[in-house]
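Here are my notes for someone opening this one for the first time. Have the viewer ready and follow along point by point.

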Amino acid sequence: MRSQRRRVRALLKELGLPPHPTLAELHAAYEARTRRTLRLIERDVAPGEPTGRYEQYLTQDRIYYPEHTSPAHQLLVICHELAHLLLGHIPRHHAIDPAVVRRVLGRSHYDDPTEHEAETIGTLLYQQLNLAPDVGPAARIAPSLVHREGRHV
């Protein structure tokens with residue numbers, strides 16, 4: 001796990017970002033690095049469907065995430081899908097019914113190593129993000145509430 005944490009920190013550094021960027025900073029850095037537009041699109045997710053997905057087009061990338069869930073879950077899905085893009089994974093469009101895949105594999109078991117890698121890197125990326133930049137009282141007291149590794153809580 002330590003090597004994965006180092007990998008995420010290296011990705012952030014490679015993007016020219018501070019250790020705890022906001023989602024907006026990460027989004028802008030991705031677009032600057034790839035010279036591609038990144039669109040984040042909310043969508044309604046049917047039961048049994050994957051909560052997120054990413055697509056790549058000629059000049060833009062798209063990340064789809066669920067609209068009817070908590071902001072924290074939305075951000076986690078975005079980070080997972082962004083991890084796919086940052087790691088250079090190729091999008092897959094399967095004709096298999098997603099409900100069947102979920103019943104057979106479950107969310108925590110991955111036959112596909114790229115899914116496992118994206119889940120790990122995406123989760124660690126989520127943990128690195130500054131989740132409350134300049135918003136209300138949390139932003140005013142955040143500097144005094146620092147995690148032992150230097151992460152704002």
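1. Let's start at Tyr126, which you'll find in helix α5, residues 113-128. Keep in mind from here on that this is a predicted model. Is Tyr126 buried or exposed? Its relative accessibility is 19%, and the cut-off for buried is under 20%, so Tyr126 counts as buried. Now find Leu76: it sits 50 residues from Tyr126 along the chain, yet the two C-alpha atoms are separated by 6.0 Å.

2. Step back for the overall layout. The protein chain has six helices and three strands. Going along the sequence, the pattern reads α-α-β-β-β-α-α-α-α. Of the 153 residues in the protein chain, 32% are buried. As for contacts with a separation of 6 or more, 55% of them are between residues 24 or more positions apart.

3. Next, the sheet. In what order do the strands lie? The order is β1-β3-β2, in an open sheet of three strands with mixed pairing. That leaves β1 and β2 (53-56) as the edge strands, each pairing on one side only. On average, neighbouring strands here are turned by 20 degrees against each other, ignoring direction.

4. β1 and β3 run parallel and are joined by seven bridges. If you want a landmark on that side, look at Leu40, which stands opposite Ile63 in β3. A hairpin of three residues takes the chain from β2 to β3.

5. Which parts of the sheet does α2 touch? Helix α2 packs on the sheet and touches β1 and β3, its direction making about 135 degrees with that of β1. Helix α3, residues 71-86, packs on the sheet too, and touches β1, β2 and β3. The direction of α3 makes about 150 degrees with that of β3.

6. While you're at α3, pick out Gln74, which is found in that helix. Gln74 has a relative accessible area of 12%, so it's buried. What does Gln74 touch, leaving out residues up to four places away in sequence? The answer is Glu42, Tyr65, Pro66, Glu67 and Thr69.

7. On to charges. Side chains of opposite charge can pair when their charged atoms come close. The count here comes to five salt bridges. One of them is between Arg33 and Glu14, whose closest N and O atoms are 2.7 Å apart. Arg33 belongs to helix α2 (residues 23-34) and Glu14 to helix α1 (residues 2-14), so this pair ties together parts that are 19 residues apart in sequence. Arg33 has 39% relative accessibility and so counts as partly exposed.

8. Are Asp61 and Arg36 buried or exposed? Both Asp61 and Arg36 are buried.

9. Then there's the salt bridge between the side chains of Arg43 and Glu49, at 3.7 Å from N to O. Why does Arg43 count as buried? Its relative accessibility is 13%, and buried means under 20%, so Arg43 falls on the buried side. Glu49 has a relative accessible area of 27%, so Glu49 is partly exposed.

10. Last, the rings. How many aromatic pairs does the structure hold? It holds zero. There are charges over rings, though: Arg53 lies over the face of Tyr64, at 4.3 Å from the ring centre. Look also at Tyr57, where the charged end of Arg62 sits over the ring, 4.4 Å from its centre.

Notes: Residues numbered from 1 in each chain as written. Predicted model: local features only at pLDDT ≥ 70, side-chain atom pairs only at ≥ 80, totals over all residues. Heavy atoms only, no water. Salt bridge = Lys/Arg side-chain N within 4 Å of Asp/Glu carboxyl O. Helix = DSSP H or I, 4+ residues; strand = E, 2+ residues; numbered from the N terminus. Buried < 20%, exposed > 50% of the residue type's maximum accessible area, 1.4 Å probe, protein only. Phe/Tyr/Trp six-rings, centres within 6.5 Å; stacked < 30°, edge-to-face > 60°. Lys NZ or Arg CZ within 6 Å of the ring centre and 35° of its normal. Pairing = 2+ DSSP bridges. Axes fitted to C-alpha atoms, helices over the stretch in contact; angles between N-to-C directions. Contact = heavy atoms within 4.5 Å.
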